[in-house]
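Here's a quick briefing to read with the model open beside you. Go through it topic by topic and click on the residues as they come up.

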Amino acid sequence: MNHKKIFLCCIVLVVILASCKQGFIKKVKIKANPQIKVNLGSKEVNLGNIVYDNINKTLKDKDNLHVYKYTPKNNQDNILHYLFHYSVPENKINMANYIQSIEKATEGQTITINQKKIRIPTINIEGTSGTLPSISNPGTDKLTLNESINITNFNPINVSVTDLDYAVIQNGNIKITVEGLDDTLKKALTIKYENITINHNGGPLTPIKNKDKLTGELDLHDKTITNDKKIEVSGKINISGTIPAGYAGGNNLKLKVEAKIERLKEIKIKNQNIETVINKDITLDADISTYVKKITLNPISINANIKNKLPKDTDIKIKLDSEALNIHSEFVQFKANPDSNEGQKKTIFEESRTLTPTGSLDIKATLKIKGYDQANKTLTLQNIAPENEYSFGGEANIKFDFEKAVVTPSGENFKINNQYPVNTDIFKNNEILSKMNPKPINAYIYLVSDLAGSEAPILTTKIDLLYSTKTQNIINEDHKSTPFVSDPNFNQGEIPQASINENEIKLEDIFESKPKQIEFKIDMNLNQITVTNNALENIKKNNNKAVIKAHALFDVPLTVSIKNDIIEKVLSIKDILSRKAGENIPGQFDKITDTIKELNLIVEYTNNTGMIFDARIYNPEWKEGGIFQFEKKLKLKDKGSIHINLSKKEIQDIKKRNQFPIVIEVKLPKDSEINIKNGTLNFSAYTITNMDVTYEF
């Protein structure tokens with residue numbers, strides 16, 4: 001060492017001067033008080049690293065098992081933790097059957113409302129009487145005529161219109177004329193019909209007025225024509241006028257009655273078979289219940305497109321019901337628009353539903369058509385024209401927007417059964433660990449999958465830790481809601497949110513028993529999974545394969561109780577005087593040591609471990625009667641230094657020995673509770689020698 005060399009050089013210089021012969025100088029006196037510092041060595045001890053390095057060495061060939069040092073941020077005591085991370089090999093799950101069942105159950109459906117055509121019948125009313133008396137003038141002078149003629153031979157008109165029940169006339173009339181008039185009579189005569197009576201369905205149709213001098217008219221506005229009821233014509237007509245002389249052409253005259261109907265205020269037609277209830281059964285896969293427990297559809301959308309070309313105000317209302325889907329909609333109205341070829345699009349139902357799939361789904365569409373009597377199969381319409389054709393039809397489209405499904409797992413793919421042994425050389429011949437009893441640990445399980453959704457799966461989880469002859473249960477949960485989480489990163493200073501965590505797990509005798517190996521035994525069964533639409537779409541892109549994997553994390557705080565005294569040597573100094581073996585040379589060394597007035601042994605230490613150690617500094621070779629003759633005990637707290645002053649007499653005793661070793665050791669006493677922090681224990685030892693050199697020559 002440099003300080004030692006300087007010290008020896010000083011002594012050698014003194015010896016040289018002393019050996020010189022005296023010349024012109026009569027007497028020389030040298031006096032000095034040097035101080036020499038000699039470093040004896042230093043040592044840094046990281047308690048956390050002692051175990052950590054051994055563990056890393058043990059696990060260096062283990063791809064699935066890693067260990068991290070970790071100090072929780074919210075840990076006020078700054079206690080060091082070890083995180084043991086076991087990555088369970090991933091499972092690939094074939095989801096093809098599940099996807100097929102879900103897609104089959106959520107296929108869109110259509111309910112067709114077949115087009116129904118309704119043609120308004122033509123109402124024909126026409127009849128003539130028997131031959132009326134002839135009109136003639138065989139004379140040579142004009143003949144003035146004013147005669148009433150009784151109508152007694154008019155055959156009843158039978159109203160017989162296919163499918164007609166009755167019709168109320170809006171615009172129409174019955175025209176009454178005398179058939180057979182030639183131009184002479186048409187010019188000469190005036191015919192009055194006020195006394196004609198027309199009866200129908202038990203009552204007269206009145207009033208009858210003359211439209212002109214030859215035509216009578218009955219206004220049918222608001223008159224009801226009933227099918228299969230006769231129209232009877234009776235009464236008399238009055239014919240007046242001047243007949244030219246010699247006229248003989250007025251033969252074969254008949255009373256004619258003819259109806260002209262332009263518009264109907266209301267008509268009731270029979271034999272109208274309109275399908276007002278339409279049932280549809282959706283057949284599902286027979287084995288869907290094997291794979292799918294529940295399906296949530298959000299929403300179920302039922303949209304109808306109806307073309308209602310019935311007469312104005314003949315609206316159609318539609319509702320849908322399904323017991324399986326728990327749908328009972330309100331009626332939705334589709335107004336009549338006979339002049340438009342465009343359908344009306346309306347939403348009948350749009351809500352979320354969760355269903356338990358069975359063999360089939362029932363859907364029923366119910367129609368209400370204004371004026372339709374389902375029991376009697378009649379249809380009453382208003383404000384229409386005879387001979388017109390009306391119609392209606394369309395469809396209701398049912399769309400199932402799949403949101404999620406509760407899947408009942410089937411088969412070994414949904415199980416994670418794994419045993420993972422780890423050789424534990426760290427415990428072999430490790431007396432320090434065998435004297436420690438670890439505090440309870442915490443365990444975390446991370447379940448990761450692309451099946452992850454908003455709802456946690458139901459899981460049965462059992463994890464055991466096997467060592468020596470013990471089986472320590474870590475986690476035991478049956479059919480418990482266990483959320484999927486993101487793939488964790490354990491090297492960021494915090495423990496990520498886990499699927500399962502279990503605290504205060506005792507590992508009794510794990511150090512003391514010195515197990516040759518520790519075995520992780522993991523048994524996880526997925527009892528139920530909720531699969532979302534997004535997850536399903538991603539799985540379909542991956543050839544219908546889902547991935548599920550797990551991570552087990554064991555949080556081991558370095559908090560232990562000491563079962564037996566632990567004594568560890570932290571620094572060893574071969575010789576307090578820094579002599580090498582065989583360096584104790586009589587004569588010169590005596591002269592050197594004789595100049596030493598005082599020698600201070602100083603040991604400086606910094607304790608960042610958070611623990612207080614019992615420390616001892618002693619010479620292991622100097623005993624008398626079993627008692628160490630050179631020994632000092634003290635407690636090492638945060639930071640400090642140890643001073644041992646050796647007197648001249650003690651130095652004289654030391655120099656008699658070939659070497660004077662010094663050992664510094666620390667002790668963790670039995671039954672103490674210690675928390676190991678992520679800190680170090682540093683030692684630095686050196687001597688400071690005060691010398692008193694006086695020499696005359």
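**The sheet around S41 and S46**

Strand S41 (residues 613-618) runs antiparallel to strand S46 (residues 662-668), and 5 bridges pair them. Strands here are DSSP runs (E, at least two residues) and helices are too (H or I, at least four residues), numbered from the N terminus; two strands pair if DSSP finds at least two bridges between them. Keep in mind that this is a predicted model: local features need pLDDT of at least 70, side-chain atom pairs count only at pLDDT 80 or more, and totals for chains, interfaces and linings use all residues. Residues are numbered from 1 along each chain as its sequence is written, and side-chain values use heavy atoms, with hydrogens and water left out.

- Across that pairing, Ile 617 sits opposite Ile 664 in S46.
- S41 and S46 belong to an open sheet of 4 strands, ordered S39-S46-S41-S44 with antiparallel pairing.
- At the edges are strand S39 (566-573) and strand S44 (631-636), each of which pairs on one side only.
- On average, neighbouring strands of this sheet are turned by 20 degrees against each other, direction ignored (axes are lines fitted to C-alpha atoms, for helices over the stretch in contact, and angles run from 0 to 180 degrees between N-to-C directions).
- As background, strands of a sheet pair through backbone hydrogen bonds, either parallel or antiparallel.

**Nonpolar cores**

- The largest nonpolar core has 136 residues, and Ile 196, Ile 198, Ile 237 and Leu 255 touch the most other members. (A nonpolar core is a set of buried Ala, Val, Leu, Ile, Met, Phe, Trp, Tyr and Cys residues joined through side-chain atoms within 4.5 Å; buried means under 20% relative accessible area, exposed over 50%, partly exposed in between, with a 1.4 Å probe and protein chains only.)
- Strand S29 (residues 389-407) supplies the largest share of this core, 8 residues.
- Another core, of 38 residues, lies apart from it and includes Leu 599, Leu 636, Ile 654 and Val 693.
- Leaving aside neighbours within four places in sequence, Ile 196 has contacts that include Ile 151, Ile 176, Ile 208, Val 233, Ile 237 and Leu 255 (contact means heavy atoms within 4.5 Å).

**Strand S12 and its partners**

- The hairpin of S12 and S13 has 2 residues between the strands, and Asn 201 takes a positive phi near 55 degrees in it.

**Asn 238 in S17**

- Asn 238 is in strand S17, and its side chain makes a polar contact of 3.3 Å with the side chain of Asn 146. (A polar contact is a pair of N or O atoms within 3.5 Å; within protein, one must be able to donate a hydrogen and the other to accept it, and residues adjacent in sequence count only if both atoms are side-chain atoms.)
- A polar contact of 3.4 Å also joins the side chains of Asn 238 and Ser 148.

- Thr 276 lies in the loop between strand S19 (254-269) and strand S20 (277-283), and is buried at a relative accessible area of 10%.
- Not counting residues up to four places away in sequence, Thr 276 touches Ala 365, Thr 366, Leu 367, Tyr 372 and Gln 374.
- Thr 215 is in the loop between strand S14 (208-210) and strand S15 (216-219), and is buried with a relative accessible area of 11%.
- Thr 215 and Thr 190 are 25 residues apart along the chain, with their C-alpha atoms separated by 9.1 Å.
- Thr 689 is in strand S48 (residues 680-691), buried with a relative accessible area of 7%.
- From C-alpha to C-alpha, Thr 689 and Asn 645 are 9.9 Å apart in space and 44 residues apart in sequence.

**Helix H9**

- Helix H9 (residues 648-655) has Ile 651, Ile 654 and Lys 655 as its buried residues.
- Down the axis of H9, its buried residues fall within an arc of 95 degrees, so they line one face of the helix (the arc is that of the directions from the helix axis to the C-beta atoms).
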